[in-house]
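Student: Please take me through the salt bridges in this model and the reasons for the labels used.

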Amino acid sequence: MAAISLSPKPTWAYTTGPPTPTGAEEAMLTRACGGPAGPSTSTPSGSTSFFDIACQEEGNPQGVLIRAIEPVWGLDQMLKNRGGKDGVLLTNGPAKLMQAMGIKSRNWDLAPLADSPFVIDLTEKKPAKEIVASPRIGIVQADPAWAQAPLRYYVAGNPYVSGMKKRDWADDHGWL
């Protein structure tokens, strides 16, 4: 069973509308985040899949696109799944996260959370010192304003944030 603690980690917030990069990605995200509340995987380009969670009732496409996590439990299995890679290299990007969680297919697309092997634990929370909003990484759009919109949220100083420079890592990973 894979478990996710939903303290604020590197994520994209998603609602339908102009912020999505392309029509193809909007269709994919609407499908992933417009289904019943719960987990979904999506493959917008290439072979990299992403882990998304629909947060509203079916037909109201809103969700959280999880691109990296700071693992709290399940580390032994994640280490096996990642061939011994540990520390921030374990889950600090979308492909690494999917591999660490053992997600190799789209079998859990649109599955109700209760019917999936995933657990979202809201009881183990860590307060963040600071949540940063920044432009998403790798987004190119016809409308530069949306490409630069601050739709990527993460804990400042957390080394598990994809693209975080070592010089910006906090010893406490950004937690109080």
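Tutor: Buried means under 20% relative accessible area, exposed over 50%, and partly exposed in between (1.4 Å probe, protein chains only). This is a predicted model in which local features need pLDDT of at least 70 and side-chain atom pairs count only at pLDDT 80 or more, while totals for chains, interfaces and linings use all residues. Residues are numbered from 1 along each chain as its sequence is written, and side-chain values use heavy atoms, with hydrogens and water left out.

Student: Why is Lys129 called exposed?

Tutor: Lys129 has a relative accessibility of 51%. The label requires over 50%, so Lys129 counts as exposed.

Student: What makes Asp172 and Lys129 a salt bridge?

Tutor: A salt bridge needs a side-chain nitrogen of Lys or Arg within 4 Å of a carboxyl oxygen of Asp or Glu. The closest N and O atoms of Asp172 and Lys129 are 2.3 Å apart, and the pair forms a salt bridge. Asp172 lies in the segment after strand E8 (152–155) and Lys129 in the loop between E6 and E7, 43 residues apart. Strands here are DSSP runs of at least two residues, and helices (H or I) runs of at least four, numbered from the N terminus.

Student: Why is Asp172 called partly exposed?

Tutor: Its relative accessibility is 31%, which falls between the two cut-offs.

Student: How many salt bridges does the whole structure hold?

Tutor: The search finds two. Lys126 and Glu70 also meet in one, at 3.9 Å, N to O. Lys126 is in the loop between strand E6 (118–121) and strand E7 (131–134), and Glu70 in the loop between strand E5 (62–66) and helix H2 (75–81), so the pair ties together parts 56 residues apart in sequence.

Student: Why is Glu70 called buried?

Tutor: Glu70 has 11% relative accessibility, and the label applies under 20%. Lys126, at 36%, is partly exposed.
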